[in-house]
Amino acid sequence: MAGATSSSSSCRELRPLIHLLFPLCIHWIAEEMTVSVLVDVTTAALCPGSSTCSQAIYITGIQQTVVGVFKMLTLPILGQLADEYGRKPLLLLTLSTTIIPFALLVINQSKGFVYAYYVLRTVSYIISQGSIFCISVAYAADVVEESKRAGVFGWIMGLFSASHVMGNFLARFLPEQYIFEVSIALLIFCPVYMHFFLVETVTLAPNNDETSSYMDTILNALRGRYNSMKYAAKVVFSRYF
């Protein structure tokens, strides 16, 4: 009985987040829909006539390495920018970066376009992967009471997982030649919906020199990240060497 009451309370806490969670779920579904088809498209473009493609494996490995390295720098910067300029602009930015890479594959799926897709998708991953979820959690923390946040964060994570399952499910039933078109339509819908319906939760302080403040935020984030990495390396070396 107590568990049911707690679950019902968490659901009520999600109501102020409906204009955040609805487009996020659509975005995650649209991204996941393309995963299975992307393997076939990449193999056909880079290794025509072959069922396997070593080039695709190498490109994916390089992509994951580059994204992992640069995410260490971009995540703190985007987090600080979200504190300085609001959650909504950063969510619109990070969600929108996914559109252009998939648009290339809608236009053409030749070898050159596939390479261009991976370059732009790498940039997109650096900006959006992880940051969308972090900024969304920050938005939820602004809206939800402190005592209810853990339950709401659990719901957000559950919706994230459910969206990936739904994306895979839909990909099984949609014709393969239309998956990228449907995905692009959904990806465009998400930032447009947020632009009109999502309410900003951060009260912005008046600033006479926005350019200077913007650069200061980035430089401070980079400096802080460098100092934290330097301190971590110092601790490791002093302990083991």
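Trainee: Which residue does Asp142 form a salt bridge with, and how far apart are the closest N and O atoms?

Mentor: Asp142 pairs with Arg87, the closest N and O atoms being 2.7 Å apart, where a salt bridge is a side-chain nitrogen of Lys or Arg within 4 Å of a carboxyl oxygen of Asp or Glu. The pair links distant parts of the chain, with Asp142 in helix H8 and Arg87 in helix H5 (residues 87-96), 55 residues apart; helices here are DSSP runs of H or I with at least four residues, numbered from the N terminus. Keep in mind that this is a predicted model, in which local features need pLDDT of at least 70 and side-chain atom pairs count only at pLDDT 80 or more, while totals for chains, interfaces and linings use all residues. Residues are numbered from 1 along each chain as its sequence is written, and side-chain values use heavy atoms, with hydrogens and water left out.

Trainee: Is Arg87 buried or exposed?

Mentor: Arg87 has 9% relative accessibility and therefore counts as buried, the class for values under 20% relative accessible area, with exposed meaning over 50% and partly exposed in between (1.4 Å probe, protein chains only). Asp83, at 49%, counts as partly exposed, and Asp142 falls in that class at 35%.

Trainee: How many salt bridges does the structure hold?

Mentor: There are 3 salt bridges, one of which joins Arg121 to Glu31 with the closest N and O atoms 3.0 Å apart. Arg121 lies in helix H7 (residues 111-128) and Glu31 in helix H2 (residues 18-33), so this pair ties together parts that are 90 residues apart in sequence. Both Arg121 and Glu31 are buried.

Trainee: Switching topic, at what angle do H8 and H9 cross?

Mentor: The axes of H8 (residues 131-143) and H9 (residues 149-173) come within 10 Å and cross at roughly 145°, with axes fitted to C-alpha atoms over the stretch in contact and angles running from 0 to 180 degrees between N-to-C directions.

Trainee: Which residues of H8 and H9 meet there?

Mentor: On the H8 side they are Phe133, Val137, Ala140 and Ala141, which meet Arg149, Val152, Phe153, Ile156 and Met157 in H9, contact meaning heavy atoms within 4.5 Å.

Conventions:
Helix = DSSP H or I, 4+ residues; strand = E, 2+ residues; numbered from the N terminus.
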